[in-house]
Amino acid sequence: MHELTSLEVCAGAGGQALGLEMAGFGHSALVEIEPIACATLNLNRPQWKVFNQDLRSFDATPFRGIDLFAGGVPCPPFSIAGRQLGHEDERDLFPVALDRIEECRPQAVMLENVPGLSGARFASYREQLRGRLSDMKFTFVEWMTLNASNFGVPQLRPRFVLVALKGRAAKRFRWPVAEPNQLTVGDALHDLMGARGWDGVEQWRAVAAKVAPTLVGGSKLHGGPDLGPTRAKAAWKQLGVDGAGVADLAPDPSFPLDSYPKLTVRMAARIQGFPDNWQFEGRKTAAYRQVGNAFPPPVACAVGTSIRDALLGEGRIVSVDAA
């Protein structure tokens with residue numbers, strides 16, 4: 001596979017970076033402000049050049065000419081939990097990301113965020129972003145809400161993804177097509193849930209024969225790891241999972257047949273689409289937060305593959321009318 005180059009910002013634990021690697025991109029650099037997430041990146045890919053740095057102070061000029069600028073800029077400015085302050089939120093890094101894009105002049109851009117950014121209240125904000133990208137000669141600038149469950153990930157997890165391209169690649173790009181069959185939580189986690197001999201695993205698998213609600217990573221201000229707010233915990237209970245915490249180990253033979261097991265960090269990572277060999281630095285809470293805040297690698301791979309095909313001329317030419 002032809003290897004294209006990318007610069008990954010707000011890289012987190014590497015979900016998007018891993019997916020883009022699977023799509024054929026070689027990372028020239030990754031930028032992440034959290035030391036524990038940088039440790040995870042270095043643990044899994046020691047050959048990657050990781051900058052533990054605030055994006056505001058990062059100079060992207062040395063990476064001028066890369067093929068793709070990608071990242072998951074912080075979502076609190078556009079999430080309900082973050083009060084949807086948008087550009088008034090000091091955590092809004094979209095303008096900063098655009099400054100870095102202007103510095104490195106990539107051929108393509110991929111930025112993901114929460115579906116809240118797609119709302120009417122942020123229409124003018126999206127237009128401002130589109131205008132800046134147009135000024136940088138991007139002729140295809142389009143947003144799309146993608147559900148992770150349509151790309152082999154056993155949770156809904158809708159994400160609002162921005163793709164921008166220049167030149168002929170802009171005419172070739174097409175969004176990835178949803179897969180026909182959705183992976184259920186029971187099928188995804190059956191082996192892990194039964195790894196220590198719990199007799200209730202088959203019964204649990206039948207109950208968990210649905211796609212999960214969106215996994216929530218929480219923030220550093222949050223007390224400990226759990227699977228989300230009250231409504232999310234209720235949805236997890238319908239899947240036979242106790243969402244009030246994260247377990248150290250899978251249930252063993254002494255675990256009651258009619259009880260609700262908790263997910264382990266490894267189970268949560270599989271719910272996010274991470275391969276089992278991807279390790280997370282830190283203790284349970286820190287590891288779970290990295291997992292819960294990640295962009296699912298299979299979704300990143302699907303979008304990255306579409307971008308790669310457009311850049312290399314392998315996609316069919318489609319309309320570039322902006323949505």
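This is a short tour of a predicted model, stop by stop.

**Whole chain**

Start with everything shown. The protein has 323 residues, and 53% of them count as buried. Colour by secondary structure to find 11 helices and seven strands. Now think about contacts between residues with a separation of 6 or more: 66% of these join residues 24 or more positions apart.

**The largest nonpolar core**

Select L189, W236 and L263. In the largest nonpolar core, which has 37 residues, these three touch the most other members. Which elements give two or more residues to this core? They are α1 (15-22), α6 (185-193), α7 (201-207), α9 and α10.

Stay on L263 and show its surroundings. Leaving out residues up to four places away in sequence, L263 touches L189, M193, L227, W236, V241, V246, A247 and I271.

There is also a second, separate core of 33 residues. Select F58, F63, L162 and A164, which are among its members.

**Helix α6**

Select residues 185-193, helix α6. Seven of its nine residues are buried, so α6 is largely enclosed by the rest of the structure. Pick out the buried ones: V185, G186, A188, L189, H190, L192 and M193.

**Helix α10**

Move to residues 284-292, helix α10. Its buried residues are A287, Y288, R289, Q290, V291 and G292. Now show α2 (35-44) and α9 (265-271), which are included in what covers them.

Select T264. This residue lies in the loop between α8 (230-238) and α9. Is T264 buried or exposed? Its relative accessibility is 9%, so T264 counts as buried, the cut-off being under 20%. Show what T264 touches beyond residues up to four places away in sequence: V246, A247, D248, L249 and A250.

**A helix pair: α3 and α4**

Hide the rest and keep residues 94-104, helix α3, with residues 123-135, helix α4. Two packed helices are described by the angle between their axes and the distance between the axes. Here the axes come within 11 Å and cross at roughly 10°. The two helices are therefore roughly parallel to each other, since angles under 35 degrees count that way.

Show side chains at the contact. From α3, select F94, P95, L98, D99, I101 and E102. From α4, select Y125, L129, R132 and L133. How do these residues divide by type? Seven are nonpolar, none is polar and three are charged.

**Last stop: K49**

Select K49, in the loop between α2 and β3 (50-52). At 47% relative accessibility, K49 counts as partly exposed. K49 and L30 are 19 residues apart in sequence and 6.3 Å apart in space. Which residues is K49 in contact with, leaving aside its neighbours within four places in sequence? They are S28, A29 and L30.

Definitions and conventions: Residues are numbered from 1 along each chain as its sequence is written. This is a predicted model: local features need pLDDT of at least 70, side-chain atom pairs count only at pLDDT 80 or more; totals for chains, interfaces and linings use all residues. Side-chain values use heavy atoms; hydrogens and water are left out. Helices (H or I, at least four residues) and strands (E, at least two) are DSSP runs, numbered from the N terminus. Buried means under 20% relative accessible area, exposed over 50%, partly exposed in between (1.4 Å probe, protein chains only). Contact means heavy atoms within 4.5 Å. A nonpolar core is a set of buried Ala, Val, Leu, Ile, Met, Phe, Trp, Tyr and Cys residues joined through side-chain atoms within 4.5 Å. Axes are lines fitted to C-alpha atoms, for helices over the stretch in contact, and angles run from 0 to 180 degrees between N-to-C directions. Angles under 35 degrees count as roughly parallel, over 145 as roughly antiparallel, 65 to 115 as roughly perpendicular and the rest as oblique. Ala, Val, Leu, Ile, Met, Phe, Trp, Tyr, Cys and Pro count as nonpolar, Asp, Glu, Lys and Arg as charged, and the others, Gly among them, as polar.
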